[in-house]
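Subject: Structure handover

Hello,

Here is the structure I said I would pass on. Please open it beside this message and follow the notes below.

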Amino acid sequence: MDIRPATADDAIGMSVVLRSLTAAGLRTRPDSPEFALQNYIAPADGILCSVAESEAGAILGLQSLKRASPGNPYGVTPGWGIIGTHISPDAARQGIGKALFVATLDAVRDAGLTDIDATIGADNAQGLAYYEAMGFRTYRRMEGAVCKRFTLSGASHERSVSQES
Ligand SMILES: CC(C)(COP(=O)(O)OP(=O)(O)OC[C@H]1O[C@@H](n2cnc3c(N)ncnc32)[C@H](O)[C@@H]1OP(=O)(O)O)[C@@H](O)C(=O)NCCC(=O)NCCS
């Protein structure tokens, strides 16, 4: 398996992953190649989108990192990172998400971010468990969603325990 930055040529393979998640009942958002290109590969506020590719050349999963801009629809503090992870159900629990996060963390450091937000469906047990395992901690809740925060060690401020719930 190879972890590498996504390119426009990956849009179809990424869409295959997203569609497999939709078919498994694990996704409700769009899953077309156009959506993959606009929202993950080349969004205006994108920092890095990595893909995991099998030896046979199939895309197994992706992880996107964006910078929260003022007025972002998630209400994330501007300047924080916003992460999203999407692994094919056939390839889940094989360490792909963990491997993708190693690449993302490098990009987080390079971009000078101090915090990352992951907004996860409140009923998404595997998503909640994954981000918890990666070191994210719950810092706020919204209707139907849990927001977890990862603070880089060495960042200029301390994690606020009082904000955790
Ligand atoms: C959640 C998701 C990103 C995890 O990716 P993954 O490649 O399967 O995760 P990994 O194999 O790297 O697992 C890393 C750790 O996360 C935790 N974890 C991952 N999946 C888990 C599950 N189904 N149940 C419990 N813990 C889980 C475990 O601690 C795991 O370590 P371990 O296998 O050594 O116990 C993937 O299942 C997925 O894309 N799900 C559908 C979309 C989604 O929910 N995205 C995230 C929220 S938007």
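The side chain of Arg-4 has a polar contact of 2.8 Å with the side chain of Asp-10. A second one, of 2.9 Å, runs between the side chains of Arg-4 and Glu-53. Arg-4 itself belongs to strand E1, which covers residues 2-5. Keep in mind that this is a predicted model.

Next, the ligand. Which pocket does the ligand take up? Its space is the largest pocket. Around the ligand there are 19 residues, and the closest are Ile-87, Arg-93, Gly-97, Asn-124 and Gln-126. Sorted by type, the shell has 9 nonpolar, 8 polar and 2 charged residues.

- Gly-97: a polar backbone atom here lies 2.8 Å from an oxygen atom of the ligand.
- Gln-126: here a polar side-chain atom is 2.8 Å from a nitrogen atom of the ligand.

On its own, the ligand would expose 900 Å², and the protein buries 75% of that. Which elements give two or more residues to the shell? They are strand E4 (81-87), helix H3 (96-111) and helix H4 (125-133). Of the shell residues, 6 come from H4, and that is the largest share.

Last, the aromatic rings. How many aromatic pairs does the structure hold? There are 7. A pair of this kind is described by two values, the distance between the ring centres and the angle between the ring planes. Take Trp-80 and Tyr-139 as one of them: the centres are 5.3 Å apart and the planes stand at 55°. Why is this pair called tilted? Planes under 30 degrees apart count as stacked and those over 60 as edge-to-face, so the pair, with its planes at 55°, is tilted.

The two residues of the pair sit in distant parts of the chain, 59 residues apart. Trp-80 is in the loop between strand E3 (59-67) and E4, whereas Tyr-139 is in strand E6, residues 137-142. E4 is also one of the elements that give two or more residues to the shell around the ligand.

Regards

Terms used: Residues numbered from 1 in each chain as written. Predicted model: local features only at pLDDT ≥ 70, side-chain atom pairs only at ≥ 80, totals over all residues. Heavy atoms only, no water. Near = heavy atom within 4 Å. Polar contact = N/O pair within 3.5 Å; in protein donor to acceptor, adjacent residues only side chain to side chain. Areas by Shrake-Rupley, 256 points an atom, 1.4 Å probe, with all protein chains shown as cover. 1 Å grid on protein atoms, 1.4 Å probe; cavity = no way out; pocket = protein on both sides within 12 Å on 5 of 7 lines; lining within 4 Å. Sits in = over half its atoms within 2 Å of the grid points. Helix = DSSP H or I, 4+ residues; strand = E, 2+ residues; numbered from the N terminus. Nonpolar A, V, L, I, M, F, W, Y, C, P; charged D, E, K, R; others polar. Phe/Tyr/Trp six-rings, centres within 6.5 Å; stacked < 30°, edge-to-face > 60°.
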